[in-house]
Amino acid sequence: MTLTVVVLTYDSAETIDACLRSVAEQEPRPVEIIVVDDDSADRTLETTAAFAAQSPVPVRVLRNGARNISRGRNLGLAAATTPIVAFLDSDAYAEPGWLAGIEAAFAAHPDAAVVGGGVETAYATRFARAIAVNDGAVRSAATTGSLLVCGANLAVHRDRAGGAGFDERWVYAEDIEFAHRVRRWVIVPEARVRHASRATPRRYLRQMYRYGMWKARYTRHTGHVRLVDYSASVALVGTAGLALLLGPVWLLAYPAFCAAETAVVAAFRRPAPWLLPLMFLGWTVKNAAWGLGMLAGHTRPAV
C-alpha cells in the first residue's frame, strides 16, 4: 500500500495506544505511521514510544509545538514518502477496512485529491453518549457537501492536490477550508473511524465555542451561508431581546428552544429515556457556546 498515516497528538495518553493499534492492524498495512506531537505534557510520547518498540509498522515522531493543527498536518504531508497521506485524530480509532476503503476510493475516482471517510461517534461517559446522539442527528440532517470532509478521517493524494497544503492561518476548520479550496473531493462513508465525543460539559463548551467562531470565519471566507448555523445565535439574541422588552419570564424561551431540539432528535433517534435530560443539557451547552462563537467570529478579522 502506497499510503502513510499521520496522527496529530496533544495530551493524548489515554487514547493514543488504541489509535495506533487500529492503524497497525489495517490490512494491508500502511508504509509508515507519522505522529506529529504538539508538545504534549502527559505521557503521550512515552506511550507512543512503547507502541513503536513492538509495532509491525514503522513509527516516526515529529514535533509541532505551534498549537496549530494546520501546521501539524503540513509537517506530516512534507515528511511522508508516499503519494497518499491519511489523517487520523489521536482520540479516534479506525475500523477494519479503513485504509483499504481510502485507497479504493482514490482508484475509483482518478480526479479526486481528497477522500473523506465516515465518522461514527465513540463515548466514554453518559454525557458524551448524549451529545453523540445530538451531533449525529445534526450531521445526518444538515451536513452536506464539503462540510462532510472531517479532519478526523481525511486523506490527501499529494500528487493530485498539486502540492497544496493546509492554510496555517486556519487554527480550526482547516479541513473544510482545504476541501473547499482543492474542490476535488469524494466522501466514502464505508471507510470509517470512531471519534470520541467530549466527555464533560466543560470540554464540550470549549469545543463548540471554537467551532462556532471558526465556522463563522469560514462562512465569511467562502460566502457559503447556511441559516441553520445561525439558529443558536438567533435563539440567544432573541431571548435576551425579549427579556429586555417584555420581562424576565421570556428568558425561558432559550431552554424551550433547547427542549424543542431535544424532542425533535428524540423523535427520530429513539434514544433511551435516561439520555433525554443529558441530551437537553448538551443542547443547552452547544447552543450557548456555538451561538456566542458565531457572533465572535463575525467580529474577528477576515482570514
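In this predicted model, Asp-167 counts as buried, its relative accessible area being 17%, a value that falls under the 20% cut-off for burial. Asp-167 is found in the loop between E7 and H6, and, once neighbours within four places in sequence are left aside, its contacts are with Ser-70, Glu-177 and Arg-181.

Arg-158 is partly exposed, with a relative accessible area of 27%, whereas Asp-167 is buried. Apart from residues within four places in sequence, Arg-158 is in contact with Leu-77, Ala-78, Ala-80, Thr-81, Thr-82, Pro-83, Val-85 and Gly-163. Although Arg-158 and Ala-132 are 26 residues apart along the chain, their C-alpha atoms are separated by 33 Å.

Another arginine, Arg-73, is placed in helix H3, which spans residues 69-79. With a relative accessibility of 3%, Arg-73 counts as buried, and its contacts, not counting residues up to four places away in sequence, are Leu-8, Phe-87, Asp-89, Gly-151, Phe-166 and Glu-174.

As a whole, the protein has 10 helices and eight strands. Its radius of gyration is 20 Å, close to the 19 Å given by the globule rule for 303 residues, so the protein is as compact as a globular protein of that length. Taken along the principal axes, the box filled by the C-alpha atoms is roughly 65 × 40 × 35 Å. Of the 303 residues, 48% count as buried, and the accessible surface comes to about 13900 Å², with 60% of that surface belonging to carbon and sulfur atoms. Among contacts between residues at least 6 apart in sequence, 82% join residues that are at least 24 apart.

According to an unreviewed UniProt entry, the annotation "domain: Glycosyltransferase 2-like" covers residues 4-123. In the model this span is 35% helix and 29% strand, with its end C-alpha atoms lying 27 Å apart. Ser-12 lies in the loop that runs between strand E1 (3-9) and helix H1 (16-24). Ser-12 is buried, with a relative accessible area of 5%, and, residues up to four places away in sequence not being counted, it touches Ser-40, Asp-42, Thr-44 and Ser-90. Asp-11 likewise lies in the loop between E1 and H1, but at 34% relative accessibility Asp-11 counts as partly exposed. The backbone of Asp-11 has a positive phi of about 50 degrees, although the residue is not a glycine. A further backbone feature is the cis peptide bond that joins Glu-27 and Pro-28, with omega about -10 degrees; Pro-28 lies in the loop between H1 and strand E2 (32-37).

The unreviewed UniProt entry also carries the annotation "transmembrane region", which covers residues 227-254 and 274-297. Over residues 227-254 the chain is 64% helix and 0% strand, and the end C-alpha atoms are 18 Å apart. For residues 274-297 the corresponding values are 92% helix and 0% strand, with the end C-alpha atoms 35 Å apart.

Asn-134, which is found in helix H5 (residues 126-142), is buried with a relative accessible area of 1%. Not counting residues up to four places away in sequence, Asn-134 touches Val-265, Met-279, Gly-282 and Trp-283. Asn-134 and Arg-269 are 135 residues apart in sequence, while the distance between their C-alpha atoms is 8.9 Å. Arg-270 is placed in the loop between helix H9 (253-269) and helix H10 (276-297), where, at 69% relative accessibility, Arg-270 counts as exposed. The phi angle of Arg-270 is near 50 degrees, a positive value in a residue other than glycine.

Notes. Residues numbered from 1 in each chain as written. Predicted model: local features only at pLDDT ≥ 70, side-chain atom pairs only at ≥ 80, totals over all residues. Heavy atoms only, no water. Helix = DSSP H or I, 4+ residues; strand = E, 2+ residues; numbered from the N terminus. Rg over C-alpha atoms; globule rule 2.2 N^0.38 Å. Buried < 20%, exposed > 50% of the residue type's maximum accessible area, 1.4 Å probe, protein only. Contact = heavy atoms within 4.5 Å. Areas by Shrake-Rupley, 256 points an atom, 1.4 Å probe, with all protein chains shown as cover. UniProt positions renumbered as here; feature names shortened; annotations may be inferred.
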